[in-house]
Amino acid sequence: MPIPRGALVAAAVALVLPLSACGSGDSGGSTDASGKIEGDITFQTWNLRANFKPYFEGVVADFEKKYPGTHVKWIDQPAEGYADKISADAAGGTLPDVVNVSPDLVAPLAKAGLALDLDKSAARYKKEYLAGAWAGHQVPGMTGTYAFPWYLNTGPLFYNKSLFEKAGLDASQPPTTYDELFTDALRLADKSDGKVATLANVPTIEDFGRYGVELMNKEGTAFSFNDAKGVQLLTKYKELYDAKALDPQALTATPESSGKKFLTGAVAMNPGSALDLGNFKKQAPNLYKNIGITDQITSTGKVNMYVMGVMVNARTKHTPAAVAFAHFVTDAQNQMSFAKKVAIFPSTAGSLDDPYFTKEDGTDETRVRVAAAKSLKNAVNYTPVLFSEQMKTALRNEIAKALQGKQSPRTALDNAVKACDTLLRQQG
């Protein structure tokens, strides 16, 4: 998968993947991965060839050397249209043996019986991965895990110390709870006569998750983010919006526009990653001098993470080889090697204890990497795997009406849940 600006992998990716075979549950291939590792298999990545060709060619060569009877054909698909390509391959019976997926892409494939259940076929590897990462490709309403966890990402909150100080706040004590965040935000807005907002984005589904809202029932048949806690969060955001503590343009904000607002000092806090520090240094030296770095705020004690996966086609003719290769790509050694080439994190247990992720060397990049690695050990992917792009739009539209005062937070979330439940039923 592509690694976008900020390396917050999959932050904006939740593609709808309709499958004609949805719900068939017919796997067709063998689920037994214990046989001889041999045969020709195809491995598909997601827009990674341009930047990482030598790395993947090396992984393939190492695997073929370890298992002489195998041959791996590596193909890479562009970012645009990736979900459509997978959908077409799934419907046409041409899905590669091993496929790079995100959790939302694996869900319809699992429902269609096209994703191998690793809890049955590769359970012996489960202990090699962080528990939260292994759970990242589980589908509500189904038993099983449908992809090996691959690389992870998360990021801290950046804040502008000088803006905090101008508002009479202690810049060395940034907010660590939602109550503190909302209190500080109202103060910043008040002291700046509404010129400085603290936040630049409306709440997303992952924000509700971080706040401690139960997003969906365990059966995966209905959403539940319109509970009392969900209404409480949106009510708080409405208060911030009215006080200009939430940027007035938040209703149409993108990660890029929010980043620019932070860069120019119009917004006091913004999520990001180690890659952003270089931008600050180059584009906004005054901000860089005053940059503060703190943890994501949660009510659960667990930060949000983005997780990529490697799925095995349940209809592969070479199950032992496909499972072995998917595991090989995602084993500790290969993940560690990949993580040193780009600002991502391994999903393998113990890897985050490596000095690369624990020892600071005085640079800001290392500081962020160490903080993010520490938070990932018990992080979770809050976005439900069944939450599609259309559902995100429905939620955003209803939240916008609530912030503008066109309807109450309660009505907004009730309407959003109703719309998302309708879309869920249409998924099949």
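Helices here are DSSP runs of H or I with at least four residues, numbered from the N terminus.

Colleagues, a word on the basis of this talk. This is a predicted model, in which local features need pLDDT of at least 70 and side-chain atom pairs count only at pLDDT 80 or more, while totals for chains, interfaces and linings use all residues. Residues are numbered from 1 along each chain as its sequence is written, and side-chain values use heavy atoms, with hydrogens and water left out.

Let me return to the first pair. The axes of H1 (residues 49–66) and H13 (residues 319–329) come within 11 Å and cross at roughly 130°; axes are lines fitted to C-alpha atoms over the stretch in contact, and angles run from 0 to 180 degrees between N-to-C directions. The crossing is right-handed, meaning that the near helix is turned clockwise from the far one by less than a right angle. H1 contributes Val59, Val60, Asp62, Phe63 and Lys66 to the contact, and H13 contributes Ala321, Ala324, Phe325, Phe328 and Val329, where contact means heavy atoms within 4.5 Å. These residues divide into 8 nonpolar, no polar and 2 charged. Nonpolar covers Ala, Val, Leu, Ile, Met, Phe, Trp, Tyr, Cys and Pro; charged covers Asp, Glu, Lys and Arg; the others, Gly among them, are polar.

The second pair is H7 (residues 178–191) and H9 (residues 228–242), which pack at about 15° with axes 10 Å apart. That angle makes H7 roughly parallel to H9. Their crossing is left-handed. Phe182, Ala185 and Leu186 of H7 meet Leu233, Lys236, Tyr237, Glu239 and Leu240 of H9.

On a 1 Å grid over the protein atoms alone, a cavity is a set of points where a 1.4 Å probe fits but cannot get out; a pocket is an open set with protein on both sides within 12 Å along at least five of seven lines; lining residues have an atom within 4 Å of a point. Grid points are joined across faces, edges and corners, and a volume is the space filled by probe spheres set on the points.

The second largest pocket holds about 740 Å³. Its lining has 29 residues, with Ala135, Pro140, Asn381, Tyr382 and Pro384 nearest the centre.

The structure holds 2 cavities of 30 Å³ or more. The second largest cavity has a volume of about 50 Å³, and its lining includes Thr154, Asp295 and Ser375.

Definitions and conventions
Helices (H or I, at least four residues) and strands (E, at least two) are DSSP runs, numbered from the N terminus. Angles under 35 degrees count as roughly parallel, over 145 as roughly antiparallel, 65 to 115 as roughly perpendicular and the rest as oblique.
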